[in-house]
Amino acid sequence: MSGFVTKPEPVQVPGLVHLHTGKVRDLYRAESGDLVMVASDRMSAHDWVLPNEIPDKGRVLTQLSLWWFDRIADIVPNHVISTELPAGAPADWKGRTLVCRSLEMIPVECVARGYLAGSGLTEYEADRTVCGIALPEGLENSSELPAPIYTPALKAEVGEHDENVSYEETARRIGAELANQLRRTTLDVYARARDIARERGIILADTKFEFGLLDGALVIGDEVLTPDSSRFWPADQWQPGRSQPSFDKQLIRDWLVSPASGWDRHSEQPPPELPAGIVEQTRAKYIEVYELLTGTTWA
């Protein structure tokens with residue numbers, strides 16, 4: 001089993017039609033036809049949306065995405081129209097809400113990897129490839145790759161794993177020209193963000209993007225370069241051959257599979273509530289990476 005431990009009821013706002021409740025975001029359509037995307041404080045791990053929320057998480061994701069959108073605007077446009085709250089929206093939506101253009105979303109998760117970690121490491125250890133891309137011998141956990149690689153995936157429903165696929169498979173599904181455009185844009189955005197992060201003492205190990213089409217033009221949507229969609233590591237602690245300390249939810253993942261949680265992730269039981277200390281430490285990690293990247297204090 002997997003999915004929501006307790007699926008929340010959508011907030012009802014006059015003039016907005018609720019479309020979807022995701023792992024983190026709630027999606028509405030306004031009377032204008034524009035989309036309203038609200039980033040909650042929900043946290044997911046091991047294919048479950050957990051019973052605890054992480055205070056301020058949704059605002060961190062939203063504000064960090066906006067910061068990055070500005071820094072990649074010359075590479076690819078984004079879907080944001082406004083950050084103004086719709087009339088009648090609850091005050092808690094402030095800072096976590098984006099009014100966006102409605103895109104024809106492309107059903108591909110666009111992943112860029114500059115370091116060997118996660119599912120890429122697992123595949124490399126098995127056959128020295130990642131998503132069909134051959135890599136040299138001698139790499140280990142958290143090694144920097146000879147050059148960044150593009151490893152697409154097919155987006156899964158809540159509670160399911162995204163499915164890694166080859167570039168050739170995406171070309172077959174969406175066409176060679178669009179597949180090539182996704183690969184090129186993904187690697188260009190990754191390279192820009194990697195260099196910006198490096199200047200601030202952070203390694204951007206990997207990240208994923210979602211794109212859509214607007215009048216035939218490629219537009220980046222959803223979130224970009226956040227701790228939910230990226231692996232950020234402190235550069236001064238990077239040491240290949242082991243897992244790295246990270247600015248994300250790894251602390252939660254680790255606690256859930258530890259004896260302290262008492263939870264068997266392979267059982268049909270939902271995960272337990274997180275201890276208050278784990279919640280606070282995770283919140284602190286999200287805020288810390290926001291402050292390091294943007295150079296501003298979280299308020």
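Predicted model: local features only at pLDDT ≥ 70, side-chain atom pairs only at ≥ 80, totals over all residues.

1. Helix α3 crosses helix α4 in a right-handed sense. The two helices, residues 167-174 for α3 and 176-199 for α4, have axes 7 Å apart and an angle of about 130 degrees between them. Angles under 35 degrees count as roughly parallel and those over 145 as roughly antiparallel, so α3 is oblique to α4.

2. Which residues make the contact between α3 and α4? From α3 come Y167, T170, A171 and I174, and they meet A176, L178, A179, N180, L182 and R183 of α4. Sorted by class, this contact has seven nonpolar residues, two polar ones and one charged.

3. The other pair I would look at is α1 with α6. Helix α1 spans residues 57-71 and helix α6 residues 276-294; their axes come within 10 Å and cross at roughly 20 degrees. That angle is why α1 counts as roughly parallel to α6. Here the crossing is left-handed.

4. On the α1 side of that contact you will find K57, V60, L61, Q63, L64, W67 and W68, while α6 brings Y286, I287, Y290, L293 and T294. The classes are nine nonpolar, two polar and one charged.

5. How many cavities of 30 Å³ or more does the structure hold? There is one, and the largest cavity has about 40 Å³ of space. Its lining consists of R25, M37, A39, T62, S65, R96, L98, D222 and E223. Strand β4 (35-39) and helix α1 each supply at least two of the lining residues. By class, the lining of this cavity has three nonpolar, two polar and four charged residues.

6. Please also have a look at the second largest pocket, with a volume of about 330 Å³. It is lined by 21 residues, and P8, D26, S40, R42 and E53 are the closest to its centre. Strands β3 (25-30) and β6 (48-53) each give at least two residues to the lining, and β6 contributes the most, with five. The lining of this pocket divides into 10 nonpolar, four polar and seven charged residues.

Key:
Residues numbered from 1 in each chain as written. Heavy atoms only, no water. Axes fitted to C-alpha atoms, helices over the stretch in contact; angles between N-to-C directions. Helix = DSSP H or I, 4+ residues; strand = E, 2+ residues; numbered from the N terminus. Parallel < 35°, antiparallel > 145°, perpendicular 65-115°, else oblique. Left-handed = near helix turned anticlockwise from the far one by under 90°. Contact = heavy atoms within 4.5 Å. Nonpolar A, V, L, I, M, F, W, Y, C, P; charged D, E, K, R; others polar. 1 Å grid on protein atoms, 1.4 Å probe; cavity = no way out; pocket = protein on both sides within 12 Å on 5 of 7 lines; lining within 4 Å. Points joined across faces, edges and corners; volume = space filled by probe spheres on them.
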